[in-house]
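Here's a quick briefing to read alongside the sequence and the 3D view. Have both open while you go through the points.

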Amino acid sequence: MVVTLSVICLLLIFLIVFQLSRASELLNVLKGKGINGEDSTNTNAILLMLFMIFGLIGVVWSTWYYYDLFLPESASEHGVWVDEMFNLTLFFTGIVFVITQILTFYFAYKYRQRKNNKVYFFPHNNKLELLWTAVPAVVLAVLVTLGIESWTKITSPAPDNSRIIEVTGQQFNWIVRYPGDDNVLGDRSFERISAENQLGIDFEDEFSRDDVYTSEIHLVVNQPVLFKLGAKDVLHSFFLPHFRVKQDCVPGIPTQFWFTPTITTKEMRQKLDNENFNYELACAELCGQAHWNMRMEVIVETEEEYNKWFAEQKPIYDSVKPSMAEQEESSEEEIKSEGLTSL
């Protein structure tokens with residue numbers, strides 16, 4: 001309701017300003033000054049200057065007002081590099097933004113239509129062209145070089161001691177699979193997908209016997225983790241904003257991303273003075289009507305806490321073992337019956 005009323009108020013303000021402008025133009029016509037008279041030009045120039053001043057004030061004010069809603073410091077090692085690149089880029093682009101806005105609106109005011117105002121013909125200046133070409137080129141070269149350096153570190157091969165976690169997106173939830181103590185995920189195939197086997201895991205593979213499903217993601221602080229990502233139906237996006245991680249999950253095309261968490265959930269709660277804070281996995285791709293439901297809690301903890309939690313998880317194989325035994329018995333009975341029939 002508040003949003004609707006706000007939109008209506010803005011529309012009414014726009015209509016009032018528009019009608020006032022029309023009335024001013026008609027008044028100039030009646031006075032014989034024409035629509036584009038000097039008074040009208042002065043009015044527009046003053047309005048442009050006011051728009052610039054209040055616009056820049058609004059940019060500064062909104063940044064200060066919404067500062068508490070910004071993401072806190074990065075909770076991953078590579079996230080620090082991402083934030084440094086972002087802040088450095090924002091610094092240079094912010095300077096350019098302020099300067100260009102001031103010059104644009106100032107020139108519109110300074111060179112407005114006035115009596116006895118002569119145009120100065122300024123066709124070419126080598127020094128100025130060299131300046132506004134060389135300076136942006138140097139700044140962009142620095143930014144690109146730093147970006148490539150950070151990107152190379154972020155996309156480097158995962159360390160050998162990385163903990164492996166598989167996350168699969170489907171409408172509208174995440175399926176998280178952890179390997180057992182061997183840190184090796186069992187094979188899977190879409191041909192084996194069923195109501196009982198939602199990922200199509202091959203339980204004849206010994207490495208799959210200790211794999212587990214979890215309803216939340218647990219990570220060990222200061223230990224690298226490699227996420228193997230995929231999707232069952234449509235395009236999803238694996239988004240961990242507090243760790244500065246975002247990677248698409250594409251059906252039929254496996255993707256992966258590794259990082260090292262550096263701040264536990266408890267430590268971040270203390271830093272933010274918020275006991276209700278939790279890290280979160282979200283889907284950053286509009287994947288359907290219940291897209292908003294693709295959220296999962298992420299917990300960063302010590303290795304002791306992680307081992308205690310993982311010891312309570314039960315392998316997927318334990319829940320499907322009875323049904324597999326029944327299938328084996330039924331298949332054996334079919335073979336026996338076929339043998340008797342042939343006799």
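Which residues of the largest nonpolar core touch the most other members? They are V167, I217 and F227, out of 37 residues in that core. Keep in mind that you're looking at a predicted model.

**Nonpolar cores**
- F227 has quite a list of partners: I165, V167, I217, L219, F238, T255, Q256, F257 and F259, once residues up to four places away in sequence are left out.
- Another core lies apart from this one and has seven residues, including I175, L199, I201 and I316.

**V298 in strand β10**
- V298 sits in strand β10, which runs over residues 295-301.
- Its relative accessible area is 0%, so V298 counts as buried.
- Skipping neighbours within four places in sequence, V298 is in contact with I217, L219, L240, F243, T265, Y279, E280 and L281.
- V298 and E216 are 82 residues apart along the chain, yet their C-alpha atoms are separated by 6.1 Å.

**Aromatic pairs**
- The structure holds 21 aromatic pairs.
- One of them is W61 with Y65: the ring centres are 4.8 Å apart and the planes meet at 20 degrees, so this pair is stacked.
- Both residues belong to helix α2 (residues 38-65), and because W61 and Y65 are four residues apart there, about one helical turn separates them.
- Y66 has a relative accessible area of 40%, so it's partly exposed.

**Aromatic cluster**
- W174, F227, F238, F243, F259, F277 and Y279 make up one aromatic cluster.
- Some of these names have come up already: F238 and F259 are among the residues F227 touches, while F243 and Y279 are among the contacts of V298.

**Charges over rings**
- Where does R209 lie relative to Y317? R209 is over the face of the Y317 ring, at 4.3 Å from the ring centre.
- K110 lies over the face of Y111, at 5.7 Å from the ring centre.

Definitions and conventions: Residues numbered from 1 in each chain as written. Predicted model: local features only at pLDDT ≥ 70, side-chain atom pairs only at ≥ 80, totals over all residues. Heavy atoms only, no water. Core = buried A, V, L, I, M, F, W, Y, C linked by side-chain atoms within 4.5 Å. Buried < 20%, exposed > 50% of the residue type's maximum accessible area, 1.4 Å probe, protein only. Contact = heavy atoms within 4.5 Å. Phe/Tyr/Trp six-rings, centres within 6.5 Å; stacked < 30°, edge-to-face > 60°. Helix = DSSP H or I, 4+ residues; strand = E, 2+ residues; numbered from the N terminus. Lys NZ or Arg CZ within 6 Å of the ring centre and 35° of its normal.
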